[in-house]
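Open your viewer and get ready to click through a few selections. We will visit some rings and then the ligand.

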Amino acid sequence: MRTAVLERGARMTEEAWGDLACGDQSLLHRSWRPGLIQRGGIRGLMAISGNAVGGTSQLYTAATVRPQAEIFDAGWPAGWRLERLEPYLDRVEGVISPSTMRCDLSRTRLLEEAGRAMGGNVRRLPLAMDWPNDAQSVAHAHAPDTEPSENWRKALVAWLRGGRVARKRTLDRTYLAQAEAAGAEVHPLHEVTKIEPRSGAYLLGLRRWMGTSWVTDAIATRKIVVSAGTLNTVRLLLSCRYGFKTLPKLSSAVGRRFFTNGDFGGLLVVRREDLSLDSGPAVTAWIDLWRSDRMYLMETGFVPVMQGWFGRATDFLTSPRTARQECLTKLWSVGVMGLGEGENELKMDRDGQLWFFRGQGGQGFAKRTTERLRELATAVGARLLIPPNLVMGRRAMTVHPLGGACMSDSPDSGVVDSSGEVFGYPGLFVADGSILPTAVGAAPSMTIAALAEHVSAGLMRRR
Ligand SMILES: Cc1cc2nc3c(=O)[nH]c(=O)nc-3n(C[C@H](O)[C@H](O)[C@H](O)COP(=O)(O)OP(=O)(O)OC[C@H]3O[C@@H](n4cnc5c(N)ncnc54)[C@H](O)[C@@H]3O)c2cc1C
């Protein structure tokens, strides 16, 4: 099949990363200018996603794990069990080749200590990463920058790419590279704005970035696979149904059954001497609390923000430089994800603005999240810096948005059938996080990729 990938963001070449590190490229995506990081733009929800060839794999922390069998217990189309997804999970594993780090870091050991105290298994995570030949180099701290406050961009770029010495296997280096080698065309800086059925095919409204401004364009195609990521796919489908009215038969379930994957996090101040900075990837391990709480606590590294404005506002303010470096090793971030929230909804108002509405239930899970973070802090003699319950009651947050264009047996409860084809629109498919009918509760990228493998296998059978 002749295949074209229309991607709103840029290609992340070495040069593009360099431009980003020195401030010549914009970091944030805006409607009038492309950038790497998209803030959700949704009222009531704090969300972040990637905007580049390779999608959010350019931002993600590369934990590549299989889903728990339990998530298929309810909400999925008939016949969907983990066993059905397994051949596709195997294929994803073959393409992405995740592996665990071979080096021992002090933050991993710290998590293991906490895990033992909390009665949860600590698992070193398989990461989509190319490791350096010298495995131990990951453990060495990088030399502090001379003017750290000016180099936050460099630090961010290093973090995004997998740390100072490892390199993330982003999807432009795996799936998309294979697709291009097989003849697919990838068109960066092409944003799809509208989908309209026309004489047995579809007309795609789009705009192309010409370096200083966008120009509008359109192309016709027989088949479309929408993979714009959960939030952008739901936004596009809602605007085609209610705004442009080009897809009026789209199920009214679009936007419903939206999940934040139980995402939350905490910052811990750890006052200990046995910790050291390292050059490793953003995440190394998580505490598996699935059996007791359907939850994971993932360590996401020591945060070097003490060097900037945040540091100046803390009680470490007056420390000499060497003492400040010591303090750096003690601000530890932990991400939480799990299964237990209610079914949320995304709605679009007349101005095209998306709104997040929190579903019923889920309070018990939120409470357990806070309790477990506090237990973690106690287990390692740390102080929880941000009381999560203060944030919890207000805006929801997610880096793992899922659902909103769910797979279902019927258009009454979902938007696509179990092959990913949109009800009422033959030839229009969705293959991204939005088709998940439940949260994963764990890092979801492998499940999303496996479902995309399933959609593409079906599409090939029917071509
Ligand atoms: C900081 C961070 C850390 C994460 N860490 C992990 C992790 O360790 N493990 C894990 O499993 N998951 C992780 N995730 C989540 C994971 O990255 C996402 O779940 C996954 O990438 C979603 O895949 P997707 O195909 O649904 O969409 P995406 O990867 O978001 O891809 C969608 C693509 O479509 C493009 N696009 C959007 N709108 C349009 C349009 N109108 N026209 C053309 N192109 C468009 C976007 O630019 C983007 O490139 C993380 C996410 C973040 C933000």
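A charge sits over a ring if NZ of Lys or CZ of Arg is within 6 Å of the ring centre and within 35 degrees of the ring normal. Before selecting, note that this is a predicted model, where local features need pLDDT of at least 70, side-chain atom pairs count only at pLDDT 80 or more, and totals for chains, interfaces and linings use all residues. Residues are numbered from 1 along each chain as its sequence is written, and side-chain values use heavy atoms, leaving out hydrogens and water.

**Charges over rings.** Select Lys194 and Phe244: the charged end of Lys194 sits over the ring of Phe244, 5.1 Å from its centre. Next, show Lys249, which lies over the face of Tyr425 at 5.1 Å from the ring centre.

Zoom in on the backbone of Ala63, where a polar atom is 2.8 Å from a ligand nitrogen. At Ala62, a polar backbone atom lies 3.1 Å from a ligand oxygen. The protein covers 88% of the 1000 Å² of accessible area that the ligand has on its own (Shrake-Rupley method, 1.4 Å probe).

Definitions and conventions: A polar contact is a pair of N or O atoms within 3.5 Å; within protein, one must be able to donate a hydrogen and the other to accept it, and residues adjacent in sequence count only if both atoms are side-chain atoms.
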